[in-house]
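Dear colleague,

Please find the structure below for your records. My notes on its packing follow.

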Amino acid sequence: MEAGAHVWIYDGKTEETWILCEVIKKEKEALTLAKLSAAGRPSSSQLTRSRKKGKDGEDESYNGVELANAPTSGVEGSDDDLISLVHLNEPALLHAVQERFMKNKIYTWTGPILISVNPFVYLDQFKGQALLEAHKRDGLLRSQHLTPEKELSPHIFAIADRAYRQMMNGKLKSQSILISGESGAGKTEATKIVLSYLTTLGTHNAPVEGVKEVGMMEKVMMSNPILEAFGNAKTLRNDNSSRFGKFIELGFSRSGALQGAKVDVYLLEKVRIASHSFGERNYHIFYQLLRGCSREQHKLYRFKDGATNGLELSNFFRFTGQGGAPRMRKGSDEAEYKTTLESMLVLGWSEDTVDRVLKLVAGILHLGQVKFEKGEDKGGEVAIVSTTDILQDVADLVGVDENGLETALTESILVTRGVEINRKLKVKQAEDARDGVAKSIYSALFDWVVLQVNKSIGWEDDSTVKSSTGVLDIFGFEDFTINSFEQLCINYTNEALQQQFNKFVFKLEQIEYEAENIDFSFITFPDNQDCLDLIQKKPTGILSILNDQCRVANGNDKTFAQKLYNKFCPGMKEISSDGCFRATKRQKGSLLFSIYHFAGPVEYSLETDWVEKNKDEVPVAAKILFSTATSPLMRELFPDEAAHSISNKRFGTKLRAKTVGEQFKSQLAGLMAKVELTDPHYIRCLKPNDSAKPKTIVRRRMTEQLRYSGVLEAIRVARMGFPVRLDLNLFFKRYRLLLQNQPEIILAWNINHFSSSQIQTACTKFIDLLLSSKNTKSQDRRETSRVIRILHSQNNPPALDFASSDVQVGLSKIFLRKSAHDILEANRVFILSATATFLQSAVRCHQKRTQYLNYQDAAGYVQRIYRGYKGRERWWKLREDVAADLLTNNIRMLLVQN
């Protein structure tokens with residue numbers, strides 16, 4: 001970081017986050033910098049950054065300062081892969097992604113990772129059959145070890161094609177494509193693109209004209225509208241946000257033909273059924289039904305338009321009107337309703353089945369309208385249903401007994417030591433029970449929908465499936481103002497995926513080192529196992545402690561919080577021994593704690609019903625109600641074993657259902673086991689702004705997402721050994737000037753005509769000469785030169801002194817540690833600066849001498865003119881004197897003569 005170098009400085013107070021500056025002066029303990037304008041010129045305002053000491057006290061880095069890359073060559077495709085950047089740090093990655101985004105280049109490679117930035121607008125150049133066919137041809141050529149004529153730009157198609165070709169390369173090893181990002185980043189759209197490409201490749205037979213049979217490709221694609229209708233909702237950040245995670249596994253035959261698909265789902269957001277924020281919506285299916293069904297269906301589903309007091313149905317129902325029932329920015333609920341019904345029929349659902357599903361959805365809506373009033377029973381307050389007509393509608397639509405439904409909403413049944421105890425509920429408790437029943441029914445319905453989808457698109461014979469490609473659309477890392485149990489589960493998932501991601505990147509590093517004949521035995525793998533153990537380890541992990549609280553009679557959030565504090569931060573301690581858990585005195589008083597995840601610390605609130613959310617039990621009264629349901633669909637949703645929930649209670653013991661945490665942990669373990677058996681591919685989706693505006697990027701939000709997505713963590717893993725990799729040709733041309741004293745006969749200057757082995761030899765010789773004692777002596781001999789005198793008049797760069805192990809020459813690249821690269825770069829900048837100073841002095845000398853000579857000539861000319869003028873003036877004076885004498889003499893002569 002010598003004077004003149006361009007760097008990024010961190011500024012957490014502005015939206016820019018990282019600001020491009022130029023080093024003005026480097027001192028022992030600080031850097032003086034000037035901000036650069038858009039034109040690249042330093043401004044008059046200056047900043048300082050202090051030096052940051054490393055563990056060995058010799059670290060040349062500065063607080064909040066990162067080196068900037070030189071501008072790209074401008075050649076099309078030169079910035080397609082950011083792994084080629086010399087300085088691959090947070091601001092460099094952010095700047096490169098921003099530059100490409102503003103040019104409508106929304107896809108960017110970072111090694112094997114594809115970064116996808118949501119453009120919030122339809123871009124023709126990234127869609128269409130022609131582009132799909134181009135990637136098919138490109139993939140086919142590469143699979144046959146042929147080089148395509150033209151390098152295609154980064155695209156999701158390339159990831160999907162790579163997965164398919166690797167799957168079909170002879171080993172038939174299964175693949176997985178892991179898509180992550182926060183809500184609104186474009187995960188759902190990316191998943192659709194991947195599925196459309198894979199199903200296209202897997203469809204070998206052309207459609208027969210006149211035959212309307214629906215193929216597997218169409219079935220798989222038509223399953224999306226159904227899953228989105230029941231599992232997606234509008235949030236403040238995204239109109240079509242997936243409120244669950246899904247892993248779609250496509251099965252292929254030995255020849256690569258698509259045999260079918262399976263869908264696994266994770267952690268549906270059930271709390272959205274009963275409550276959501278203003279400006280958001282409940283699940284799409286409710287609005288599609290309310291706005292899209294016909295007049296006849298209005299009567300069938302008991303939608304009484306005249307009873308809404310002029311409100312639209314979507315605003316009238318409590319479960320749909322809390323957020324104002326906003327419409328989608330693109331498309332309409334009416335059109336989506338038709339698409340959903342069409343998809344159900346395409347997947348083979350009968351009209352009777354579709355009608356039963358929609359009736360149940362309508363029943364859930366009506367259930368939210370059930371109200372209670374206070375009553376008295378044995379001198380105590382009890383809840384009484386005040387809307388019996390609505391209760392009757394709910395019972396008819398859901399297919400349960402009305403009296404049983406009333407009992408399930410107003411009473412609770414406790415079974416203690418085999419004895420059944422009925423307890424009347426108060427109004428608030430009854431309202432919670434109503435919402436709980438609605439959430440239980442919808443959750444079971446969603447699982448049933450997924451099951452039916454799998455029956456429709458699944459393969460019939462396992463023996464025909466030789467390999468598969470899974471597509472994981474999973475929720476990204478979350479850090480909100482208030483974080484609860486759901487955020488812990490989501491971040492736990494991302495923590496586990498990040499560990500697998502790190503292992504994958506580390507494995508790729510090993511492959512590259514082996515290919516370049518570089519020793520990597522000294523490189524250690526950075527692990528986040530401590531954070532995973534904090535959450536999942538038995539019996540001391542957070543989930544285990546939470547499960548214990550769910551089993552005790554009086555378990556609640558306060559006792560759970562105290563257990564956590566006693567376990568990880570007893571007494572006055574504020575941070576756990578492993579450094580992953582933190583609870584300050586303020587946090588303990590407010591029932592808060594923080595976990596240090598890979599993406600940064602997240603503060604969780606324990607006053608958000610952790611224990612109840614983790615239990616997520618269907619009340620006994622509701623189980624009895626569901627077991628006696630007259631509706632065939634309800635009996636499918638809640639199988640017979642639920643009917644025997646009371647009889648299964650043994651004296652003093654009971655059969656314990658798994659908690660949400662246990663189920664999720666088991667699901668996650670299964671998912672990770674699947675992924676471990678595959679070759680993974682990664683797509684990281686980013687959202688440029690929260691306003692869904694095209695051509696607009698908020699750097700602070702992008703920086704957060706780059707951290708949360710794990711891309712920066714992966715880069716840190718990738719660069720732990722030798723963080724700087726340069727092409728041998730580029731390295732030699734860049735740093736050859738450091739050995740100016742070495743003549744051409746010893747070390748060549750021009751290597752354009754060299755072969756690969758000769759370039760490798762030249763680089764090796766350069767390193768040897770640079771570190772040899774001969775080089776030091778030769779430098780001493782050159783100290784008489786004017787350039788060296790100029791160098792010594794300025795601040796000296798760090799000595800060219802680093803361990804030979806800090807630089808390793810590979811077959812096509814040279815690998816450098818950061819310390820060695822910084823020394824080389826500092827000396828290069830220093831010599832260029834001194835050379836520039838020398839050249840500038842020569843040019844200024846020439847300019848001044850020319851100016852002096854011009855002035856001299858001009859002065860001589862003026863002097864000549866002036867002297868001529870003065871001479872002529874004196875001559876004229878003499879003539880006047882002579883004439884005066886002559887005139888005087890003549891006059892005197894005349895006077896004498898007269």
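**Nonpolar cores and helix packing**

Setting aside neighbours within four places in sequence, F303 is in contact with L289, L290, C293, H298, L313, F317, A362, L365 and H366; contact means heavy atoms within 4.5 Å. This is a predicted model, in which local features need pLDDT of at least 70, side-chain atom pairs count only at pLDDT 80 or more, and totals for chains, interfaces and linings use all residues. Residues are numbered from 1 along each chain as its sequence is written, and side-chain values use heavy atoms, with hydrogens and water left out.

F303 is also among the residues with the most contacts inside the largest nonpolar core, together with F230, F286, W349 and M634. That core has 131 residues (a nonpolar core being a set of buried Ala, Val, Leu, Ile, Met, Phe, Trp, Tyr and Cys residues joined through side-chain atoms within 4.5 Å; buried means under 20% relative accessible area, with a 1.4 Å probe and protein chains only). Helix 15 (residues 427-457) supplies its largest share, 14 residues; helices are DSSP runs of H or I with at least four residues, numbered from the N terminus. Another core, of 56 residues, lies apart from it and includes L267, Y565, C580 and F593.

F230 also takes part in a helix contact: E228, A229 and F230 in helix 5 meet H284, I285 and Q288 in helix 7.

V194 lies in helix 4 (residues 187-201) and is buried, with a relative accessible area of 0%. Beyond its neighbours within four places in sequence, V194 is in contact with I156, A160, I177, I179, V471 and I683.

Kind regards

Key
Helix = DSSP H or I, 4+ residues; strand = E, 2+ residues; numbered from the N terminus. Buried < 20%, exposed > 50% of the residue type's maximum accessible area, 1.4 Å probe, protein only.
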